[in-house]
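User: Hi! I'm new to reading protein structures. Could you walk me through one with me asking questions as we go?
Analyst: Happy to. Here it is.
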Amino acid sequence: MGRFIINGGNALNGEVSISGSKNSALPILASTILIKGVSVIENCPNISDVNKTIDILRILGCKVSFSNGKVVVDSKNANMFEVPSDISEKMRSSIIFMGALLGRFNEVITGYPGGCEIGERPIDFHIKAFEEMGVKFENSGCSIYGFGKNFKGANINLDFPSVGATENIMILASVSEGQTVIYNSAREPEIIDLQNFLNKAGADIKGAGTDTIYINGVKELKPVEYSVMSDRIEAGTFMCAVATTGGEVFLKNANATDMRQIILRISETGCIIKEYENGISVKKSGFIKPVNIIRTEPFPGFPTDMQPQMMSVLSLARGTSIIVENVFESRFKHILELSKMGADISFEGRTAVIKGVSSLNGSCVVCRDLRGGASLIVAGLSAKGETCVQNSVYVERGYENLDMKIRNLGGDIKLLK
Ligand code: EPZ
């Protein structure tokens with residue numbers, strides 16, 4: 001397992017190019033299974049979750065090449081409908097292949113993605129929705145088998161605006177007969193990106209970005225070229241790093257429309273954020289102000305994927321802040337690690353109280369999930385002395401060349417494999 005070694009105290013200055021969005025690239029790559037031909041997906045981040053998704057496409061019989069952000073997928077000869085359980089157990093997001101494999105082969109076998117570091121991560125919304133479209137499921141030990149034919153559109157009410165369930169339903173419904181309406185759908189920008197990709201391939205989908213999405217099934221989708229949106233969570237993570245270390249950074253390709261709540265809350269801590277055609281600038285100014293209370297919510301609320309990084313910023317604020325984690329039931333594993341660095345944070349259930357301290361101290365800390373790891377790096381960049389963040393593999397799942405990007409801005413960080 002690799003580790004990041006950080007010597008804190010350097011302000012970050014300069015320009016960083018924000019990579020393509022992990023959470024948009026993954027469902028789009030899975031959808032290429034529906035397209036019997038060559039699809040080209042640009043601006044894909046070179047991160048382990050994307051590389052694992054490409055491994056799955058190859059196992060399913062696709063020919064795939066990946067270089068300089070461009071993934072070329074030839075799904076003509078795809079001939080497998082089973083996602084190997086050793087991969088699906090390690091990567092929760094592989095559940096997104098379910099809709100695409102049912103749409104292509106009328107069958108799917110995948111391991112139960114199972115819980116992960118931030119919570120139980122059930123898939124009941126996905127299963128219930130697919131059953132309403134005519135899919136039958138059988139469990140066999142730790143894997144699940146979905147099958148049927150002539151899947152039909154249905155009116156689906158989601159109990160919670162689940163991102164993955166919304167995406168999975170859109171993908172299968174795009175090639176199922178009749179109309180599917182998803183009520184209480186997730187509204188994240190990545191859902192809009194998936195709609196745009198599928199429509200460019202010939203699908204008929206409207207309403208992404210709202211709480212109701214209409215999909216009229218078409219016979220088949222055709223090969224397409226598409227460029228993935230930029231990663232709003234990576235951009236927000238860099239904003240937090242400037243907030244804790246000082247300096248001024250231009251986030252090239254960041255899209256402010258996707259980041260309203262992130263921009264609002266980070267501005268509240270005292271940072272100056274300016275929006276431009278091709279990106280966003282963020283500048284630390286004065287001391288970090290506390291933020292009364294932040295509640296994580298489905299989009300357009302404050303994103304849960306920014307909660308740990310924001311906690312690192314608020315641990316250095318002049319005053320007390322509260323964060324309530326409403327989306328995942330155990331997404332506070334970074335609190336213990338931040339406390340090792342001198343942060344004064346207590347929590348009960350889903351509510352954390354962060355009493356700001358004047359500075360953090362370098363320490364040896366353990367990364368237990370992707371965004372928790374990012375929060376420890378954000379804290380380490382400002383801490384006095386050396387911080388060692390172990391289990392870098394979690395961070396490498398979702399951030400492309402993070403150490404190099406930070407070094408190019410003046411941060412003292414290296415990744416030891
Ligand atoms: C996506 O996960 C993202 N992952 C997550 O990002 C993100 O945190 C999450 O959406 C919320 O925005 C990808 O897009 C690859 P959900 P997903 O279904 O789809 C419960 C990151 O750091 N639920 O919206 O799995 C679930 O347990 C990752 O980049 C059910 O109960 O999230 C959770 O409490 C972490 N039953 C809540 O809904 C279901 O069938 C939201 O989950 C599905 C979900």
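User: Where is the place of Asp-305?
Analyst: Asp-305 sits in the loop between β18 (293-295) and α10 (307-314). Helices (H or I, at least four residues) and strands (E, at least two) are DSSP runs, numbered from the N terminus. Before we go on, this is a predicted model: local features need pLDDT of at least 70, side-chain atom pairs count only at pLDDT 80 or more, and totals for chains, interfaces and linings use all residues. Residues are numbered from 1 along each chain as its sequence is written, and side-chain values use heavy atoms, with hydrogens and water left out.
User: Thanks! Is Asp-305 buried or exposed?
Analyst: Asp-305 counts as buried because its relative accessibility is 16%. Buried means under 20% relative accessible area, exposed over 50%, and partly exposed in between (1.4 Å probe, protein chains only).
User: What does the side chain of Asp-305 make a polar contact with?
Analyst: The side chain of Arg-331, at 2.8 Å. A polar contact is a pair of N or O atoms within 3.5 Å; within protein, one must be able to donate a hydrogen and the other to accept it, and residues adjacent in sequence count only if both atoms are side-chain atoms.
User: Which residues are closest to the ligand?
Analyst: The closest are Asp-124, Ser-162, Gly-164, Asp-305 and Val-327, out of 22 residues that surround the ligand. To be near, a residue needs one of its heavy atoms within 4 Å.
User: How far is a polar side-chain atom of Asp-305 from an oxygen atom of the ligand?
Analyst: That distance is 2.6 Å. For Arg-331, a polar side-chain atom lies 3.3 Å from a ligand oxygen, and for Lys-22 an N or O atom of the side chain is 2.9 Å from one. The protein buries 88% of the 820 Å² that the ligand exposes when taken alone. Those areas come from the Shrake-Rupley method with a 1.4 Å probe; for residues, only the protein chains shown count as cover.
User: Which helix gives the most to the shell around the ligand?
Analyst: α5 does, with three residues. Helices that each supply at least two residues are α1 (22-31), α5 (124-132), α6 (163-173) and α12 (370-380). At least three residues of the shell come from each of domain 1 (3-19 + 231-416) and domain 2 (22-227); the bounds come from an automatic or database domain assignment.
User: New topic. How many residues has the largest nonpolar core?
Analyst: It has 67 residues, and Ile-33, Phe-97 and Met-98 have the most contacts inside it. α6 gives the most to this core, with six residues. A nonpolar core is a set of buried Ala, Val, Leu, Ile, Met, Phe, Trp, Tyr and Cys residues joined through side-chain atoms within 4.5 Å.
User: Back to α10: how many of its residues are buried?
Analyst: Eight of its eight residues are buried, among them Gln-307, Met-310 and Leu-314.
User: Which residues does a cis peptide bond join?
Analyst: Phe-299 and Pro-300, with omega about 15°. Pro-300 is in the loop between β18 and α10. Most residues other than glycine have a negative phi, and most peptide bonds are trans.
User: What is phi of Asn-150 near?
Analyst: Phi of Asn-150 is near 45°, a positive value in a residue other than glycine. Asn-150 lies in the loop between β9 (143-147) and β10 (155-157), and this residue is exposed, with a relative accessible area of 54%.
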